[in-house]
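Work through each one with the structure at hand before reading the solution.

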Amino acid sequence: MRFYRYSQWDGTQEIDAFTPEDVMEEISKEMLEDGNLRNALRRMMQRGAEFPNGRRMMGMQELLDRLRQQRSSNLDRYNMGSILNDIVQKLDEVIDTERHGIQRRLGEDSGDAGDEQPGEREEQPAGQDGGGQQAGEEGQQGQQGQGGPQGGRRPAPGSTDPMFREIMEGMARKRLDQLDQLPPDVGGRIRDLREYDFMEPEAREKFEELMQMLQQQVAQSYFKGLQQGLQQMTPEMLKQMQQMVHDLNQLLDKHRRGEDTPDDFEQFMKQWGQFFPEGIDNVEQLAEHMQQQIAQMESLLNSMTPEMRRQLEDMVESLFQDGQLQWELAQLAANLERMMPGGGQPGAHQFGGDEPVSLQEAMQLMGDMNSIDELERDLMQSIRNNDASNLNSDEIGRILGEEMRQMTEQMQQLTKMLEEAGLIKRKGNNEWELTARAVRKIGEKALQDIFGKLQSNTFGNHAIERSGIGIERVDDTKPYVYGDPFLIDSQRTIMNAIMREGTGTPIRMTTDDFEIYRTETLTQCTTVIMLDMSASMMYGGRFDAGRKMALALDSLIRTQFPKDTLHVVAFSYFVLTLRPEMLLDNYWIEYGGGTNFQEALRQARQLLSKRKGGTKQIIMITDGQPTTYTNPSGDDDWGWGGRWRHSPRAIEETLREVVRCTRDGILINTFMMERDRSLTEFVGMMARINRGRAFYATPSHLGEYVLVDYVNNKRKLVR
């Protein structure tokens with residue numbers, strides 16, 4: 001017993017690739033029903049395919065659905081209203097830390113002053129301002145934090161002086177008033193706190209850490225390379241960023257005017273490449289990357305309420321107080337818009353989930369959502385063009401997972417794989433056509449479909465009427481008769497001698513012991529399939545059944561009877577001679593204006609007259625009777641008895657052509673897919689004149705009848 005273990009997809013599993021044979025099997029089904037390679041490839045590219053061996057090909061529609069499901073999942077999961085919550089919480093911690101530090105100082109200044117010894121007071125240098133007093137107070141508090149009042153000697157600058165204590169209390173209360181008057185919005189708080197003179201070192205440290213974190217996150221939204229190279233957003237780094245954006249604007253401006261050189265790009269990347277991800281090789285790629293990055297922030301802003309958008313914009317403005325950097329970033333957006341007008345327009349996303357996200361997570365999410373939008377546009381274009389080569393499989397893998405990446409790459413290789421296998425070849429820029437090998441495979445598929453419906457004893461059950469000198473050896477044997485070809489069966493001959501003489505050596509043989517193989521004679525056959533393509537044949541699958549039968553018969557002849565010849569004549573009000581491979585196309589199909597049996601029989605007779613000797617036959621597939629005919633005088637005037645009405649003259653001219661075919665030794669077998677009495681009477685008249693046969697079939701069984709009849713009349717064993 002075999003045991004199988006199933007596990008969740010982890011990205012290491014390999015998707016079984018489908019083969020050209022798998023694809024051709026599916027295309028054969030489509031071609032036999034539709035007859036158009038372009039439509040078959042389009043349906044497979046769009047809908048995918050399930051192959052009999054369990055492998056499958058993903059279609060572009062499935063990929064599009066997966067992308068839309070991922071977008072919907074993100075919208076239903078995340079809450080954009082929570083972006084500023086984390087920042088608000090950290091700002092509250094800064095303010096609370098500062099407030100508690102001030103209140104602690106007020107309590108210490110009023111309650112601990114009597115504990116100081118007079119000799120412990122340190123005089124302040126002359127001219128020191130309130131800032132120095134604040135610094136001394138901070139130093140005092142730092143010592144208290146380490147050892148407390150009993151932990152060691154602490155300076156008490158002016159703490160016993162009522163005037164000094166009054167000044168410190170006034171400063172502390174002023175700070176508390178400033179904290180109470182901070183605006184409620186995030187941007188306003190950041191702007192005011194940047195101007196605020198902290199008294200509590202811990203609060204100042206927390207605020208500076210928050211500012212660096214936010215500056216880094218916003219900067220990373222523009223420059224992905226910072227995620228690898230930036231650990232701390234220092235003033236020096238901000239200055240470098242401002243210079244980099246300035247140089248980038250100059251490069252883009254020169255490129256837009258056509259004045260840049262490859263050396264300009266290489267020099268820029270050599271100096272500032274750490275700000276950008278790998279894989280950018282020219283100015284166009286650089287501009288496209290920057291446009292995508294800027295679109296993330298714009299998309300985030302567009303997805304917010306007006307109030308939240310205003311707060312985030314104010315916050316970003318407060319983070320970078322350097323007006324030059326903000327001006328350079330605005331110039332960058334303008335240069336990108338001039339280079340690629342309308343490109344990368346950010347969309348708005350209506351999030352309705354509950355899961356909170358930080359600003360950095362929101363920026364990454366906006367990048368994913370914009371990538372989904374871009375992939376969706378690319379997919380829609382690919383569906384219209386029936387070409388998946390422009391899809392970014394790596395980005396699809398990043399958004400939807402490794403399995404989708406592998407299946408996308410397999411889908412992209414479809415036409416290339418068929419071309420390399422010799423099954424299709426390019427016809428023009430965006431068109432393909434089947435090769436002769438592919439046509440044979442489709443014929444084999446039709447043959448397999450038809451034979452699969454036959455009972456096991458139907459096909460190949462040939463009557464043996466005569467045996468004797470023939471062309472092809474069969475498995476049966478017979479005693480040798482003088483004059484027979486000496487195709488001796490050595491095993492049977494020796495066994496005959498042993499059975500007559502007994503065992504032992506030497507074995508003595510006589511002519512009566514000789515046994516030879518029987519032979520089979522093959523008759524060459526030239527066949528013309530007359531395929532009715534009138535309007536009524538287009539209903540109920542009649543025409544497609546006739547086309548499928550013709551393909552199967554062509555495959556049978558090519559594989560088993562290579563010396564035979566097959567022609568196809570399609571007819572409605574006009575007659576068209578086709579090569580068998582043209583049956584897979586639709587461009588030649590035209591119905592209306594009547595059904596001209598007479599002209600179709602005449603042209604079929606002319607085709608058969610070119611072949612000397614052998615069997616000549618016409619296989620007619622129709623559902624009606626003649627309604628028009630060619631004028632017997634030979635000019636271009638046609639007679640017409642009405643499109644659907646009984647036409648005695650058309651029937652008369654058709655039967656005259658049947659007589660000519662009979663006189664030339666051409667057998668006409670008719671397969672009628674209609675049971676109307678008047679139609680069956682006409683077919684019966686043709687059969688009586690020609691001594692052919694008439695079959696009344698349905699589209700689902702037409703191929704069975706034709707092929708069994710063909711094979712039964714193909715081989716004759718001669719005694």
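Rings of Phe, Tyr and Trp (its six-membered ring) pair if their centres lie within 6.5 Å; planes under 30 degrees apart count as stacked, over 60 as edge-to-face and the rest as tilted. The model is predicted: local features need pLDDT of at least 70, side-chain atom pairs count only at pLDDT 80 or more, and totals for chains, interfaces and linings use all residues. Residues are numbered from 1 along each chain as its sequence is written, and side-chain values use heavy atoms, with hydrogens and water left out.

**Exercise 1.** Determine how many aromatic pairs the structure holds, and classify F268 with F276 and F571 with F597.

*Solution.* Step one: the count of aromatic pairs is 8. Step two: a pair of aromatic rings is described by the distance of the centres and the angle of the planes. Step three: for F268 and F276 the centres are 6.0 Å apart and the planes 45° apart, a tilted pair. Step four: F571 and F597 give 5.3 Å centre to centre and 70° between the planes, an edge-to-face pair. Step five: F571 belongs to strand β11 (residues 565-571) and F597 to helix α22 (residues 597-609), so this pair ties together parts that are 26 residues apart in sequence. Helices (H or I, at least four residues) and strands (E, at least two) are DSSP runs, numbered from the N terminus. Step six: Y196, F198 and F207 form one aromatic cluster.

**Exercise 2.** State whether F268, F276, F571 and F597 are buried or exposed.

*Solution.* Buried means under 20% relative accessible area, exposed over 50%, partly exposed in between (1.4 Å probe, protein chains only). F268 has 5% and is buried; F276, with 5%, is buried too. F571 is buried at 0%, and F597 is also buried at 0%.

**Exercise 3.** Describe the packing of helix α15 against helix α16.

*Solution.* First, α15 (residues 359-385) and α16 (residues 393-400) pack at about 130°, their axes 11 Å apart. Axes are lines fitted to C-alpha atoms, for helices over the stretch in contact, and angles run from 0 to 180 degrees between N-to-C directions. Second, α15 is therefore oblique to α16, given that angles under 35 degrees count as roughly parallel, over 145 as roughly antiparallel, 65 to 115 as roughly perpendicular and the rest as oblique. Third, the contact (heavy atoms within 4.5 Å) involves G367, D368, S371, I372 and L375 of α15 and E395, I396, R398 and I399 of α16.
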